[in-house]
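Dear colleague,

Please find the structure below, with its sequence. My findings follow directly after it, and I would be grateful if you could read them with the coordinates open.

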Amino acid sequence: MSQLKIDKMKKKVQNHLDKVRYEHTLGVMYTAGALAMRYQVDLEKALVAGLLHDCAKCLSTDKKLKLCEKYDLTVSASERKNPGLLHAKLGAYIAEKKYDIMDKEIIDAIAYHTTGRPGMTLLGKIVYIADYIEPNRNEAPNLDEVRRLAFVDIDKCLYVVLKDSLAYLKTRNEVIDPMTEETYLYYKEVLEK
Ligand code: DGI
Ligand code: FE
Ligand code: FE
């Protein structure tokens with residue numbers, strides 16, 4: 001993919017996001033790029049996945065639900081209660097159909113960037129972590145340490161991010177998606193081995 005193509009993609013993404021979300025998107029794109037350099041993952045794939053990860057984020061709840069129906073995407077019980085979660089699978093669908101992304105690993109990284117999943121690819125981990133640590137983020141606890149860890153030990157970093165995210169959701173009494181919980185338990189075990 002040429003620079004020209006990424007530039008065109010950026011313009012298109014920008015048209016579908018508000019200013020704050022677009023700034024976040026660029027932060028994720030370049031942070032994913034930096035992590036790709038560190039872990040020898042295809043740089044362009046990381047940039048594209050970062051750029052597109054939230055492409056469905058700014059659709060209204062109603063529109064998200066309607067598009068899932070139109071595109072035959074399953075809406076789980078937890079997604080029904082928390083339609084915000086749908087931007088991940090809807091984003092993956094839109095990346096494939098509207099941005100012509102053929103690479104399954106990129107599509108998968110977008111689809112699971114919110115909950116994670118057991119057995120994520122290195123690209124998937126990179127997008128998940130970049131989403132959490134990009135420079136515009138400032139709310140998570142221990143961000144300095146998590147940012148450092150991302151470039152030192154990606155599985156340990158992933159575990160800390162999953163643990164802190166889950167703890168945060170629980171304090172807020174949010175409905176925990178089964179995939180969020182499953183991912184946390186999976187990487188807890190990976191780390192303990
Ligand atoms: O789209 P972003 O805000 O950049 O980040 P994201 O895709 O990780 O979405 C973050 C939001 O998703 C945040 O408000 C927490 C929420 N979230 C993640 N996992 C779960 C969840 N919300 C609920 N209710 N349950 C989950 O399992
Ligand atoms: Fe997101
Ligand atoms: Fe995001």
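The count of disulfides in this predicted model comes to zero. A disulfide is a covalent bond between the sulfur atoms of two cysteines. The criterion applied here is a pair of cysteine sulfur atoms within 2.5 Å. For cysteine 55, the closest cysteine sulfur is that of cysteine 58, and because the two sulfurs are 10 Å apart, they are too far from each other for a bond.

Cysteine 58, at 31% relative accessibility, counts as partly exposed.

I turn now to the ligand. The space taken by ligand 1 is the largest pocket. Around ligand 1 there are 17 residues, of which Asn82, Thr114, Val175, Asp177 and Thr180 come nearest. By class, this shell comprises seven charged, six polar and four nonpolar residues.

- Lysine 57: an N or O atom in the side chain lies 2.8 Å from an oxygen atom of ligand 1.
- Glutamate 174: an N or O atom in the side chain lies 3.3 Å from a nitrogen atom of ligand 1.

As for how much of the ligand is covered, ligand 1 taken alone exposes 570 Å², and the protein buries 78% of that area.

With kind regards

Conventions
Residues are numbered from 1 along each chain as its sequence is written. Chains are lettered from A and ligands numbered from 1 in the order in which they are written. This is a predicted model: local features need pLDDT of at least 70, side-chain atom pairs count only at pLDDT 80 or more; totals for chains, interfaces and linings use all residues. Side-chain values use heavy atoms; hydrogens and water are left out. A residue is near a molecule or strand if one of its heavy atoms lies within 4 Å of it. A polar contact is a pair of N or O atoms within 3.5 Å; within protein, one must be able to donate a hydrogen and the other to accept it, and residues adjacent in sequence count only if both atoms are side-chain atoms. Accessible areas come from the Shrake-Rupley method with a 1.4 Å probe; for residues, only the protein chains shown count as cover. On a 1 Å grid over the protein atoms alone, a cavity is a set of points where a 1.4 Å probe fits but cannot get out, and a pocket is an open set with protein on both sides within 12 Å along at least five of seven lines; lining residues have an atom within 4 Å of a point. A molecule sits in a cavity or pocket if more than half of its atoms lie within 2 Å of its grid points. Ala, Val, Leu, Ile, Met, Phe, Trp, Tyr, Cys and Pro count as nonpolar, Asp, Glu, Lys and Arg as charged, and the others, Gly among them, as polar. Buried means under 20% relative accessible area, exposed over 50%, partly exposed in between (1.4 Å probe, protein chains only).
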